[in-house]
Amino acid sequence: MRSQDRSRGLTRGQLGAAALLATCLIGGGVVAQSVPQLSGPPQQMESVPANPLPKWNVDDVRKMRAYPDQPPIIPHSIEGYQLSVNTNRCLSCHKREFTEGSGAPMISVTHYITREGQMLADVSPRRYFCTACHVPQAQTNPLVGNTFRDMSDMGVKLMGEEH
């Protein structure tokens, strides 16, 4: 078969591609050698004091969400909570059947639906690790400035409102 015949030489296109590859490899080596060091001279390792751990908000007050579909933040400490394949302490209060006794808000019905849209009797495995989306709130200064403005703060009128 032609595709298995190795006795023929390289075609012009194959030779051109090989030459281009060789040029890039050789040229790339020259470019890599001419780039100056970005990190500067090596520094000695030294001990630096760590910032104190932030204090968690533990007031149990539900916070307003910053944007639609934001996962609610955790308004209490979760220090010592176990979240593993076999144990999820969050569900001991927030699972559907335990909310009446605990007074905690029930987890969303979306947490009982699989990726394929099938409703389950228990929490979907993809929603089992709560801290993948939900986080406790700490008393810290923001790392990056935020200029977000809600639509209601921008003077946008709701449908049916008079101008």
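**Figure 1. Overall view of the protein.** The accessible surface of the protein comes to about 14600 Å², and carbon and sulfur atoms account for 58% of this area. The model is predicted. Its secondary structure consists of three helices and zero strands, in the order α-α-α from the N terminus. Of the 163 residues, 15% count as buried. Among contacts with a separation of 6 or more, 42% are between residues 24 or more positions apart.

Figure 2. In soluble globular proteins, nonpolar side chains tend to be buried together. Leaving aside residues up to four places away in sequence, Tyr112 touches Lys95, Arg96, Ile107, Gln118, Met119, Leu120, Ala121, Asp122, Val123 and Ser124.

**Figure 3. Close-up of the salt-bridge network around Lys95.** Salt bridges that share partners join Lys95, Glu97 and Asp122 into one network. Between Asp122 and Lys95, the closest N and O atoms are 2.9 Å apart. This pair links distant parts of the chain, 27 residues apart: Asp122 lies in the segment after α3, and Lys95 in the loop between α2 (91–94) and α3. The side chains of Lys95 and Glu97 also meet in a salt bridge, with an N to O distance of 3.7 Å. Lys95 counts as buried because its relative accessibility is 14%, under the 20% limit. Glu97 is partly exposed at 49%, and Asp122 is partly exposed at 39%.

**Figure 4. Close-up of the salt bridge between Lys63 and Asp59.** By the rule applied here, the protein has three salt bridges. One of them joins the side chains of Lys63 and Asp59, at 3.1 Å from N to O. Lys63 counts as partly exposed, with a relative accessibility of 32%. Asp59 is likewise partly exposed, at 44%.

**Figure 5. Close-up of a nonpolar surface patch.** Met151, Met154 and Val156 form this patch on the surface, and together they have about 290 Å² of accessible area. Val156 is found in the segment after α3 (99–102). With a relative accessible area of 42%, Val156 is partly exposed; this value qualifies for a patch because the cut-off is over 30%.

Notes. Residues are numbered from 1 along each chain as its sequence is written. This is a predicted model: local features need pLDDT of at least 70, side-chain atom pairs count only at pLDDT 80 or more; totals for chains, interfaces and linings use all residues. Side-chain values use heavy atoms; hydrogens and water are left out. Patches are made of residues with over 30% relative accessible area and no salt bridge: like charges are joined within 9 Å, nonpolar side chains (Val, Leu, Ile, Met, Phe, Trp, Tyr) within 5 Å. Accessible areas come from the Shrake-Rupley method with a 1.4 Å probe; for residues, only the protein chains shown count as cover. A salt bridge is a side-chain nitrogen of Lys or Arg within 4 Å of a carboxyl oxygen of Asp or Glu. Helices (H or I, at least four residues) and strands (E, at least two) are DSSP runs, numbered from the N terminus. Buried means under 20% relative accessible area, exposed over 50%, partly exposed in between (1.4 Å probe, protein chains only). Contact means heavy atoms within 4.5 Å.
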